[in-house]
Amino acid sequence: RFFFHYNKGVLSTLFDRPDDAVAHGDKAKVLLESVTGLPDTPFWAFWDALARIRASEGAEPKRQKALLGAARAHQTNLAKWGGFGPANYQHKHDLVAAELARVAGDDAAARDLFDRAIAGATKNGYPHEAALACELAAHLHRAAGRAENADWYVGRAHEGYLRWGAVAKADALEAAHPE
């Protein structure tokens, strides 16, 4: 059951349904004991953090504080795991940190962290996470009025999703950004 909710959370995050992703993350959390010792716990923490950050946007203040607090707790764990396995976890930490900086309004830090996450994911063989980082960086640039930069990141995200074999995600990106 953990893997069902974990995977539904990943898909919900990828297809921009953060409230669904948080609900599946909550269900997966109570089942974490069933996967103790497996590498899936850090991966769940990564995706759950991203879902909670996205869900925090526009949430009422009390819920927003709880969602961002949980995301920061995941970020702390990712930093710890990154110390043991930087090739596997550092780019995940950087991407969560980038999203936290973005929602905090720290544009310069977010841009730097997104680029670090993209470089780390690419270097260490995580094309799907590099594509996700590109897509999220595009949101940052578009919101700041840097359409040309946003289009470049969307193009890289699209290529990355296709390289990963995520055709449905690439199609969704094309539909959202026909340019």
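Reader: Leaving aside its neighbours within four places in sequence, which residues is H74 in contact with?
Author: H74 is in contact with W44, A45, D48 and A49 once those neighbours are set aside, where contact means heavy atoms within 4.5 Å. This is a predicted model, in which local features need pLDDT of at least 70, side-chain atom pairs count only at pLDDT 80 or more, and totals for chains, interfaces and linings use all residues. Residues are numbered from 1 along each chain as its sequence is written, and side-chain values use heavy atoms, with hydrogens and water left out.

Reader: And is H74 buried or exposed?
Author: H74 counts as buried because its relative accessibility is 10%, and buried means under 20% relative accessible area, computed with a 1.4 Å probe and protein chains only.

Reader: Which helix does H74 lie in?
Author: H74 belongs to helix α4, which covers residues 61-84; helices here are DSSP runs of H or I with at least four residues, numbered from the N terminus.

Reader: Zooming out, how many helices and strands are there in the chain?
Author: The chain has nine helices and zero strands.

Reader: What share of the chain's residues is buried?
Author: Of the 179 residues in the chain, 50% are buried.

Reader: What about charges, how many positive and negative side chains are there?
Author: There are 22 positive and 23 negative side chains, and the centres of the two sets lie 6 Å apart. Lys and Arg count as positive and Asp and Glu as negative, while His and the chain ends are not counted, and each charge is placed at NZ of Lys, CZ of Arg, CG of Asp or CD of Glu.

Methods. Helices (H or I, at least four residues) and strands (E, at least two) are DSSP runs, numbered from the N terminus.
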